[in-house]
Amino acid sequence: MSQKPKPSHGLAACPGCAEPLDSGDRFCGACGYDLSAVPAAGIGPDRPTVAIGTPVNWPDAPPREPGSLSTVTQHPGDLPGTDSGGHDLPAAPAPTGDFELAAPDPRAAVRVDDPVPVPGVAPGAAPASVSAQAQAQAQQAPAPGAAHGDGLCVACRAGRVDTDGYCENCGHAQPRERDHMERELGGVAAVSDRGLRHHRNEDAFAVSATTLADGSPATLAVVCDGVSSATRPDEASAAAAEAAGAALCAALPRGTHPQQAMHEAIVAASEAVNSLAEKAADGEPHRNAPACTIVGSVVADGLLVVGWVGDSRAYWVPDDRTAPAARLTEDDSWAAQMVTAGLMNEAEAYADERAHAITGWLGADAYELDPHTAAFKPDRSGVVVVCTDGLWNYAEGPEDMARVVPADAADRPLHGARVLVGHALDGGGHDNITVALVPFAVPPQGAGSA
């Protein structure tokens, strides 16, 4: 088949050197700038993916130090890939043969809804925040060396557990604190599981319920996936989830717009992961520094905000399943880059062994931080699915995700999260699995509809 031309990038001049461009150019003829990495007009990092229909009035946030949030950005196409599955990125060049241009993605057109009340959070109350690492005492699985609630082995229920995490009676290894974690708080819930193939859980999450400056409720969830090919990925994901959750709980009550708060949270998470990097002899961080991906969602005052770096995802699933579901994030990955560049269609790209090589992550060796955020104004009630690839590998398309999300997920988010983890385990559980469900409710009178 013949190669179809790439859609126009919509630029009159190169973003790198200001050289005039033709509409069909893939690269700048003067400086070589990769024009496939330029986001389409109106869609991109820190801009709404869908226009907000009804304006929302937010109080002014307290002033910040100039430049305190400045981050130098670099397009994902300019960065080398790191395989989140633990393998080196193949050195083979990207295919340059004739490929059919990907059809327009129906997920690009999205409408979404209104905020959900947070039970138990009074206006002006202090935020309640629980990260995955801080939840260990409340989870079903005990920590190494600790008994399952009553000091007994989970297998024989007779022997005591030694400090090395094994039963003194039957020798059974006890579950580690992060093998399986669950949390429900203020109407938002998350579940994380080690899966069936990995020796440890390198995912982490944080769920929180808080209030905005005017006392209205806000709920949030952050999910992080440690990069297995990096050192201490479990520590990276835990640090990122903890920092991002804390940043959101601090920013929202003081009046920061949720989309700006999400950007700040990703910056805070990045700094937390960077701090884990050990210094080499020359004082520079080691190349294989701890790293993770991040995705988060905030539901507050009629807005649904998402933010991400990497290939963890957020999906929108309406309560009315006759309405279309949607994917709210775009991966920083080799496969997504191939599709965006028009070199492969989605089926071809995700069938390639390099599909899950990520081009964006949090970590000291991530070159430059490029947070993505987007805001939506849903016109109906539903639920936001925030997850790692351990889940979406088994329900990749939005319609696939909608089929496996229970119909009552918005009313029973913890149950829904358990069902989704079970779906991934039934599918093979090849990776760690983490999913958070954030309900989104539209007032009965229809206020705030787009």
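Modeller: Let us start with the whole chain. Of its 450 residues, 50% count as buried. Buried means under 20% relative accessible area, exposed means over 50%, and partly exposed is in between, with a 1.4 Å probe and protein chains only. This is a predicted model, where local features need pLDDT of at least 70, side-chain atom pairs count only at pLDDT 80 or more, and totals for chains, interfaces and linings use all residues. Residues are numbered from 1 along each chain as its sequence is written, and side-chain values use heavy atoms, with hydrogens and water left out.

The chain holds seven helices and 15 strands. These are DSSP runs, numbered from the N terminus: helices are H or I with at least four residues, strands are E with at least two. Contact means heavy atoms within 4.5 Å. Among contacts between residues at least 6 apart in sequence, 70% join residues at least 24 apart.

Now the helix pair. Helix α1 covers residues 233-251, and helix α2 covers residues 258-274. They pack at an angle of about 145°, with their axes 8 Å apart. Axes are lines fitted to C-alpha atoms, for helices over the stretch in contact, and angles run from 0 to 180 degrees between N-to-C directions. The crossing of α1 and α2 is right-handed. A crossing is right-handed if the near helix is turned clockwise from the far one by less than a right angle, and left-handed if anticlockwise.

Which residues of α1 and α2 meet? On the α1 side they are A236, A239, A240, A243, A244, A247, L248 and A251. On the α2 side they are A261, M262, E264, A265, A268, A269, A272 and V273. The contact has 15 nonpolar residues, no polar ones and one charged. Here Ala, Val, Leu, Ile, Met, Phe, Trp, Tyr, Cys and Pro count as nonpolar, Asp, Glu, Lys and Arg as charged, and the others, Gly among them, as polar. An α-helix has 3.6 residues a turn, so residues three or four places apart point the same way.

α1 has 19 residues and reaches 27 Å from its first C-alpha to its last, close to the 27 Å expected at 1.5 Å a residue. The expected span is 1.5 Å times one less than the number of residues. For α2, 17 residues should span 24 Å, and the end C-alpha atoms are 24 Å apart, which agrees. In α1, 15 of the 19 residues are buried, so the helix is largely enclosed by the rest of the structure. α2 is mostly covered too, with 13 of its 17 residues buried.

Look next at the loop between β6 (217-226) and α1, where R232 sits. Phi of R232 is near 45°, a positive value in a residue other than glycine. Most residues other than glycine have a negative phi, and most peptide bonds are trans. R232 is partly exposed, with a relative accessible area of 25%. D301 also has a positive phi, near 50°. D301 lies in the loop between β7 (291-300) and β8 (303-309). At 27% relative accessibility, D301 counts as partly exposed.
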